[in-house]
Amino acid sequence: MTTVTNLKTYGTTPRIQKLRNQYVNAKVSVCLDRAIVYTDIYKAAEAEPMLLKRAKAFKRYCKIKPIRIEEGELIVASAGDRPRVAVICPEIHAGWFEEELDTLSTRPQDPYFLSIENKEIWGKQISSFWKNKTVFDYWFAQVPAETKKLSYDTGVIDCLLKSENGPGYQTPGFQEIVFQKGFDGIKKDAKKKIRYLDPAYPDNYDKLNFLKAVVICCEGMSILGERHARLAKQLADEEQNRKRKKELEKIAEVCTHVPANPPRNFYEAIQMVWFVMMAIQIEATADSVAVGRFDQFMYSFFKKDIDENILTKDSALELIENLWLKFYGNIWPLSEDGAFYYSGYHPFCALTIGGITPDGKDATNYLSYLCIQATMNLKVTQPSLGTRVYKQSPQKFLLKNAELVREGLGFPAFHNDEPAIKMLLKKGVTMEEARNWNTLGCVEPSLAGKLHQWTASGNYNFASAVEFALFNGKHIMSGKQLGLKTGDPKSFDTFDDFKAAVEKQLAYIIKQHAIATTFIERIHRDHLPCPLLSSLHLDCVENAKSLMQGGARYNVGPGNLGIGLTDCANSLAAIKQLIYDKKAVTWDQLLDTLENDFSSDGQLRKMLLNAPKWGNDDDYVDDFGREITDFMVKEHHKYKTLTGKYLMPALLPVSSHVPMGKVVWALPSGRKAYEPLADGISPNHGTDKLGPTAVLKSVSKINHEDVDGGTLLNMKFDPKTLSGEEGLNRFTAFLRTFVDLGVYHVQFNVVEKDTLVAAQKRPEDHRSLMVRVAGYSAFFVELCTEIQDDIIGRTSHQNL
């Protein structure tokens, strides 16, 4: 891993600057403390119900885990023994971790340092117990052979996201549960419910186990607070510096009260937020656990403390920046394969600001601006700041966001309220609830503490559907028959015949993904229940059911992420134009050229590259993007999931468009074999020729509200575009066009291509350079060459 050194002064205070240096210069390493505890408890309680086993392991870890308070920090606690460690969950990670013991520290993307001591501990105390007992082991043993053939190690479907990870994809109910009850209150509710459930009735057995597990987890949370309070008091007694002594005494006071009780002030509320977010990762490390609408649920504490003169705006900003560093310090452990799909040590901790209130008024407040300022000051990759915008968004607020965009950090991502609210209404929530939506993961709309929604159980490949239609179901690189036999395209008399073949292949891929998803859901329900996370959602305790048992108020999904929509649309347009409309090319010519990866006919490739391309406001190709999207939505809705209404469609890649491109042969769009696919709904590199507004017009033709797992659009601007006051005003006008056109999401890289090329050649000189990868930002020098090349290759717009 390349160290990200402090080339500039970051943070608002010396304390924050020092903590930032400590965090960004830390080598990401492995922590096995949780693995040891969970292995011991699973062995000792092997015959007990899984819910109780996992709750007891959680509480035990809270009781004996190493704890520390970093020098100068005001917000305390870490999921591991220190910040920036990969906390290994053996019930999830043991398979790939065992395979990578010798390469983990040196792998090309997101290495984790593994000490010799920890390697020995793994071998002696942990490894053997988990053989054939991980989530992946259960999934691989149970999924049908036909589905496995297409969804394991092919790149056509990738299911590693949930077969090798915890659930994630949730937003805790801070405002309606955590801040109202504290964990003592949640425990009280669970105990009250237990008294009314008679164990003589079989239907109550699982309910009682769930509620008992919630009680145990709440006790674990109280233990965490008490232990940190005692440590802070001990350190305060030993501290000679009077200022730091008072700070440690304050930490002790805060941790004595939270997380057991509801927070009384801004400081306690921030510490409570971190205790909750950290504990969810202890229960089962995962990506995409969102904070939610931080500027909304924290504002009453902020205003009260400001009005009572117990908090200043500067001290509030310092606490926020300390919390931001805690988010940055969280690591989502991934296998080497997984790291290529989700590159950059990123846990996807989304935090939302702006938008409208539940009654439809502007929601912007002073905290909204502080969140932007903290992100500008720290320049770290977490939290993943998302800004909600709507037609009446205040110009002052948009300009502050534009200043952050101009910093070149890839923050914030912009999300359009109108399509997002429609997406939430589609899930069955009320209008007031829909207006209170928050971002989740990369771009997904969610509802804190009410909606159970895995946005992604995995990824599937649009481009593979095209390849299978071209070669009668054959996967060229492997030589295997992975798709359906839809016929030799030479026999297709009309373009509609070929398009129908693509749709049949795509429908087959989606069906197999739906089957794989069902098995993943069942295995999570049976082998990885999360009583703590469930207790943070309305109705789970009342219904005495975990999230995976359908306990939440609303249940939708899981979703599946479609990769390569643009490649599919561009390929369809090229075939229609050159073979059927202009009759300039024959099927024999095209298939021969594709099989040879264009080596036999460079002129034909030029013709294919010059065919209509997505991103230029050209209905000839844009219609295919809309039609394939509509078809994809219809296919998803055919399948009912374990807890939700339907399988949820989404169009976002994370960074999987790069590895998924490596398994797709040459395409009629002119794309060569192995090259990356387009990311999200963005154009292919260099094919959007008519400027950024034309890109918006193309993507606006998709029915965004129907893709309720979210759509992702990446754009890149030359820094000169946003220079000066005029540049910022032009950018905000562009944002308003984005809103008016009904596009759901857009995010920006603002960086010169020459800077990226120089950073790739001389990483030691560009260690603080941040970029937007897909639905997240990362330090450029921490990305592998393939991902760096993909970012360098994106079209850079010079004008607005």
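Two strands count as paired if DSSP finds at least two bridges between them, and strands themselves are DSSP runs (E, at least two residues), as helices are (H or I, at least four), numbered from the N terminus.

**Entry 1: basis.** I note that this is a predicted model, in which local features need pLDDT of at least 70, side-chain atom pairs count only at pLDDT 80 or more, and totals for chains, interfaces and linings use all residues. Residues are numbered from 1 along each chain as its sequence is written, and side-chain values use heavy atoms, with hydrogens and water left out.

**Entry 2: the whole chain.** I looked up the secondary structure and found 33 helices and 21 strands. The radius of gyration is 26 Å, close to the 28 Å from the globule rule for 800 residues, so the chain is as compact as a globular protein of that length. This radius is taken over C-alpha atoms, and the rule is 2.2 Å times the number of residues to the power 0.38. Along its principal axes the C-alpha trace spans about 85 × 65 × 55 Å.

I then looked up burial: 65% of the 800 residues are buried (under 20% relative accessible area; exposed is over 50%, partly exposed in between, with a 1.4 Å probe and protein chains only). For contacts (heavy atoms within 4.5 Å), I took those with a separation of 6 or more, and 78% of them join residues 24 or more positions apart.

**Entry 3: the seven-stranded sheet.** I traced an open sheet of 7 strands with mixed pairing, in the order β4-β5-β6-β7-β18-β17-β21. β4 (292–293) and β21 (796–797) stand at the edges with a single partner strand each, so one side of each has no neighbour in the sheet.

β6 (residues 384–389) runs parallel to β7 (residues 413–416) over 4 bridges, and G386 has A413 of β7 as its bridge partner. β17 is likewise parallel to β18 (residues 745–750), joined by 4 bridges; here M715 has F748 of β18 as its bridge partner.

Is β17 covered on its faces, or where is it open? I found both faces of β17 (residues 714–717) covered, with N714 and K716 buried on one side and M715 and F717 buried on the other.

Entry 4: I looked up K162, which lies in helix α8 (residues 160–163). K162 counts as buried, at 0% relative accessibility. Apart from neighbours within four places in sequence, K162 has contacts that include D287, W454 and H524.

G793 belongs to helix α33 (residues 785–793) and is partly exposed, with a relative accessible area of 30%. With neighbours within four places set aside, G793 is in contact with H685 and G686.

**Entry 5: backbone geometry in loops.** I found a cis peptide bond from V258 to P259, with omega near 15 degrees; P259 is in the loop between α11 (242–257) and α12 (266–283). The bond from G557 to P558 is cis, with omega near 15 degrees, and P558 lies in the loop between β14 (554–556) and β15 (559–563).

D539 has phi near 85 degrees, sits between α23 (531–535) and α24 (540–543), and is partly exposed at 22% relative accessibility. K583 has phi of about 50 degrees, lies in the loop between α25 (565–581) and α26 (587–595), and is exposed at 62%.
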